Amino acid sequence: MATQTQQLVSSEFATDVRAGLTKPGQRELPSKYLYDEVGSELFEAICLLPEYGLTRADTRLLQRYSPEIIARMPLPTHVAELGSGSGKKTRFILEALSKHRRTYYYPIEISPAALAACEKELGQLDFVSLVGYEKPYLEGLRAVTARREPGEHLCVLFLGSTIGNFDRPATDDFLRQVRSVLEPGDSLLLGTDIEKDENVQLLAYDDPVGVTAAFNMNLLARINRELGADFHLRDFRHLALWNSEERRIEMHLQSLRRQRVNIAGAGLLVRLEEGETIWTESSHKYSAQEPAKMAARAGFRQFEQWTDQEWPFAQNLWIVE
Ligand code: AVJ
């Protein structure tokens, strides 16, 4: 390690860290880098927290309504999932579909650890063939669409309100790009977390046990591990705040003092002021009516919406006409 830290690392990670930390104004790091092996496990732990009801609501809806959901879509032969994670909740959809016909399932995941967990979780289902893609979403989706025959329908799953990581203009842009690789009869099942009481939302991203803090802080630890940086984690704290204008939770890492950090692998020396933050993630929240409008803007039609009452969350079924 000691010799490695002297060397520049040429990777997308190093490039993105350099760009984000030298950005004028607000420094930032892309949230996708939260999910290394440690981060993926910490996220699984977040999903078990009583304060983070999102994943349980998502799972409840899929468990309860999968037969109804698949009955409302042109029956697909191929199912692609953007950011499958461990794949646990996807089981309900795949089980419902594979009762009707053999189903091809393509988890698209940039985290090798999460993809391996997903293959273990769902690789053995009867009448389901799994082919994983360790690729960014759109690249993976293009690879999947290349595999199907004319007339075979594709269903894209984008669950867990991962869409919330994009800001609203980028969301429209992304959904249009998804739409552009799809054909009439294809569907998109989109999970969206619904706006709720501010304190409930803040607690979900700043839990008293500190699992979310660890999840966020691990990004600095990852930069230390992979890019030979010398972030001193005790000199930072996890910050979650509600941005009411943009209607999103923001996670930041706040510098507790004026300090310098050397990121050898990125050839970068960063000077941080006391109180300055590095923005690491946004989680946008939606009104119940918002997804139907998003669908129309992106060239889909929203066919149906299922919502959870216990933790307001929606599964939105969109179809390409
Ligand atoms: C996986 C992106 C949906 O934004 O709620 C959980 C990630 N971050 N706690 C979310 C997350 C902090 C999560 N998503």
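In this predicted model, P136 touches I108 and I110, leaving aside residues up to four places away in sequence. P136 sits in the loop that joins β4 to α6. The residue is partly exposed, and its relative accessible area is 42%. That value counts as partly exposed because it falls between the cut-offs of 20% for buried and 50% for exposed. E276 lies 140 residues from P136 along the chain. The C-alpha atoms of these two residues are separated by 31 Å.

Strand β4 belongs to an open sheet of 7 strands. The strand order is β4-β3-β2-β5-β6-β13-β12, and the pairing is mixed. The edges are formed by β4 (128–130) and β12 (301–308). Each edge strand has a single partner, so one side of each lacks a neighbour in the sheet. From one strand to the next, the twist averages 20 degrees.

The partner of β4 is β3, which spans residues 103–108. The two strands run in the parallel sense and pair over 3 bridges. Within this region, Y105 stands opposite L130 of β4.

Helices also pack on the sheet. Helix α6 covers residues 137–145. This helix touches β2 (78–82), β3 and β5 (154–158). The direction of α6 makes about 160 degrees with that of β3. Helix α3, residues 54–71, lies across β6 (187–193), β12 and β13 (313–319). The angle between α3 and β12 is about 125 degrees.

Methods:
Residues are numbered from 1 along each chain as its sequence is written. This is a predicted model: local features need pLDDT of at least 70, side-chain atom pairs count only at pLDDT 80 or more; totals for chains, interfaces and linings use all residues. Side-chain values use heavy atoms; hydrogens and water are left out. Two strands pair if DSSP finds at least two bridges between them. Helices (H or I, at least four residues) and strands (E, at least two) are DSSP runs, numbered from the N terminus. Axes are lines fitted to C-alpha atoms, for helices over the stretch in contact, and angles run from 0 to 180 degrees between N-to-C directions. Contact means heavy atoms within 4.5 Å. Buried means under 20% relative accessible area, exposed over 50%, partly exposed in between (1.4 Å probe, protein chains only).
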